[in-house]
Amino acid sequence: QVQLVESGGGSVQAGGSLRLSCAVSRYTYSRICMGWFRQAPGKEREGVASIYTTGGSTYYDDSVKGRFTISQDNAKNTVYLQMNSLKPEDTALYYCAADTRGLGGFRCSWLRRSDFGYWGQGTQVTVSS
């Protein structure tokens with residue numbers, strides 16, 4: 001069973017930065033689609049960014065493009081989400097998720113919530129104006 005542990009959330013003012021981490025364990029870190037999702041109160045969970053661990057192809061939702069960067073450290077089996085120029089509307093509970101079916105980078109770019117079978121516990125990000 002894949003285990004995902006997130007860290008790095010917190011509270012910042014608008015324009016600030018945070019970096020989220022997601023450590024992957026109990027699974028070979030290869031051919032996994034890793035995604036970051038977020039859910040604000042009263043809203044649907046939405047996909048933010050994804051990375052395919054083999055090859056490193058990335059995808060971003062338009063709402064975060066140019067401000068967020070997803071990356072990985074293969075030696076640490078860890079995926080990161082660097083969030084810059086944060087806005088109050090970025091406030092949400094952020095989850096990392098894994099799709100271990102090995103479907104490739106193109107499918108990973110769909111960032112379809114139902115594709116991800118493993119989820120972390122979530123980490124809160126609060127951006128004040």
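**Salt bridges and strands**

Trainee: Is Asp 99 buried or exposed?

Mentor: Asp 99 has a relative accessible area of 5%. Buried means under 20%, exposed over 50% and partly exposed in between, with a 1.4 Å probe and protein chains only. This is a predicted model, where local features need pLDDT of at least 70, side-chain atom pairs count only at pLDDT 80 or more, and totals for chains, interfaces and linings use all residues. Residues are numbered from 1 along each chain as its sequence is written, and side-chain values use heavy atoms, leaving out hydrogens and water. So Asp 99 is buried.

Trainee: Which residue does Asp 99 meet in a salt bridge?

Mentor: A salt bridge needs a side-chain nitrogen of Lys or Arg within 4 Å of a carboxyl oxygen of Asp or Glu. For Asp 99, the N to O distance is 2.9 Å.

Trainee: How many salt bridges are found in the whole structure?

Mentor: Another example joins Asp 62 and Lys 65, with the closest N and O atoms 3.0 Å apart. Asp 62 counts as exposed because its relative accessibility is 62%. A search of the whole structure gives a total of 7.

Trainee: How many residues apart in sequence are the parts that Asp 90 and Arg 67 tie together?

Mentor: Asp 90 and Arg 67 form a salt bridge, with the closest N and O atoms 2.7 Å apart. Asp 90 lies in the loop between β8 (78-83) and β9 (92-99), and Arg 67 in the loop between β6 (58-60) and β7 (68-73). Strands here are DSSP runs (E, at least two residues), numbered from the N terminus. The pair therefore ties together parts whose separation in sequence is 23 residues.

Trainee: Which residue has its backbone oxygen 3.0 Å from a polar atom of the Arg 67 side chain?

Mentor: Arg 67 counts as buried, at 10% relative accessibility. Arg 67 is also linked with Arg 38, Glu 46 and Asp 90 in a network of salt bridges. The backbone oxygen 3.0 Å away belongs to Ser 85.

Trainee: Which residue in β8 stands opposite Ser 21?

Mentor: An open sheet of 4 strands runs in the order β1-β3-β8-β7, with antiparallel pairing. Two strands pair if DSSP finds at least two bridges between them, and β3 (residues 18-25) pairs with β8 over 6 bridges. Opposite Ser 21 stands Tyr 80.

Methods. A polar contact is a pair of N or O atoms within 3.5 Å; within protein, one must be able to donate a hydrogen and the other to accept it, and residues adjacent in sequence count only if both atoms are side-chain atoms.
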